[in-house]
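This report describes selected structural features of a predicted model. The sequence and structure are shown first.

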Amino acid sequence: ADSAILFCKLTGVPTVQCYCHRTSNSFISPKQFTELAFPSLEIIVNRVIDAGLTPILHCDGDWLKNLKTLRRLPAKKIIIQLDGLTDIFAAKQEIGDHMCIFGDVPAAKLVTGTVAEVEEYCHRLIEEVGRGGGFILAGG
């Protein structure tokens with residue numbers, strides 16, 4: 001965390017990307033996440049926040065069962081970046097009042113979908129996940 005914080009301070013970039021992929025439910029159980037991975041993630045996230053920066057949790061894989069544990073992190077200070085393996089609509093219900101949700105227009109939809117399909121999905125994300133704020137529309 002120290003080198004990331006220093007880099008941010010030197011460059012003026014106010015965010016730190018935290019890669020959490022190998023601790024998703026695609027790799028380990030929720031119990032293993034809570035007991036083994038979360039304690040160190042919590043330390044890193046709190047250090048980044050204490051430095052006045054915003055952590056972005058890059059969460060590839062299925063995170064739905066870990067979201068309850070992530071609620072133990074400070075509210076309204078974190079961006080969670082999800083891909084298509086986590087149901088972003090369920091994530092909005094579980095953690096959308098606690099973290100800003102970033103994502104999830106699937107790359108496959110951008111490549112193989114029609115313009116109308118992409119527009120329809122983006123509109124749905126904005127209307128449902130963006131309701132009440134705390135949403136960044138982006139690729140998944």
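## A buried asparagine in a loop

In this predicted model, Asn66 lies in the loop that connects strand 2 (54-59) with helix 3 (67-70). Its relative accessible area is 0%, and Asn66 is therefore buried, the cut-off being under 20%.

Leaving aside residues up to four places away in sequence, Asn66 is in contact with Thr23, Ser24, Asn25, Pro30 and Phe33.

## Helix 2

Phe33 belongs to the buried residues of helix 2, together with Ala37, Phe38, Leu41, Val45, Val48 and Ile49. The elements against which the buried residues of helix 2 pack are helix 1 (2-11), strand 1, strand 2 and helix 3.

Helix 2 spans residues 30-50 and has a bend of about 50° at Ala37. A proline, Pro39, follows within four residues of that position. After helix 2 comes Gly52, which has a positive phi, near 80°.

Five strands form an open sheet in the order 1-2-3-4-5, and their pairing is parallel. Strand 1 (15-19) and strand 5 (135-139) are the edge strands, each of which pairs on one side only. On average, neighbouring strands of this sheet are turned by 25° against each other, with direction ignored.

Within the sheet, strand 3 (residues 79-82) and strand 4 (residues 100-105) run parallel and are joined by three bridges. Ile79 has Cys100 in strand 4 as its bridge partner.

Helix 4 lies across strand 3, strand 4 and strand 5, and runs at about 175° to strand 4.

Two packed helices are described by the angle between their axes and the distance between the axes. For helix 4 (residues 88-95) and helix 6 (residues 115-129), the angle is about 10° and the axes are 10 Å apart. Because angles under 35 degrees count as roughly parallel, helix 4 and helix 6 are roughly parallel to each other.

From helix 4, the contact involves Ile88, Phe89 and Lys92, which meet Tyr121, Arg124, Leu125, Glu128 and Val129 of helix 6. By residue class, the contact of helix 4 with helix 6 comprises five nonpolar residues, three charged residues and no polar ones.

Notes:
Residues numbered from 1 in each chain as written. Predicted model: local features only at pLDDT ≥ 70, side-chain atom pairs only at ≥ 80, totals over all residues. Heavy atoms only, no water. Axes fitted to C-alpha atoms, helices over the stretch in contact; angles between N-to-C directions. Helix = DSSP H or I, 4+ residues; strand = E, 2+ residues; numbered from the N terminus. Parallel < 35°, antiparallel > 145°, perpendicular 65-115°, else oblique. Contact = heavy atoms within 4.5 Å. Nonpolar A, V, L, I, M, F, W, Y, C, P; charged D, E, K, R; others polar. Pairing = 2+ DSSP bridges. Buried < 20%, exposed > 50% of the residue type's maximum accessible area, 1.4 Å probe, protein only. Bend = angle between axes of the 7 residues up to and from the residue.
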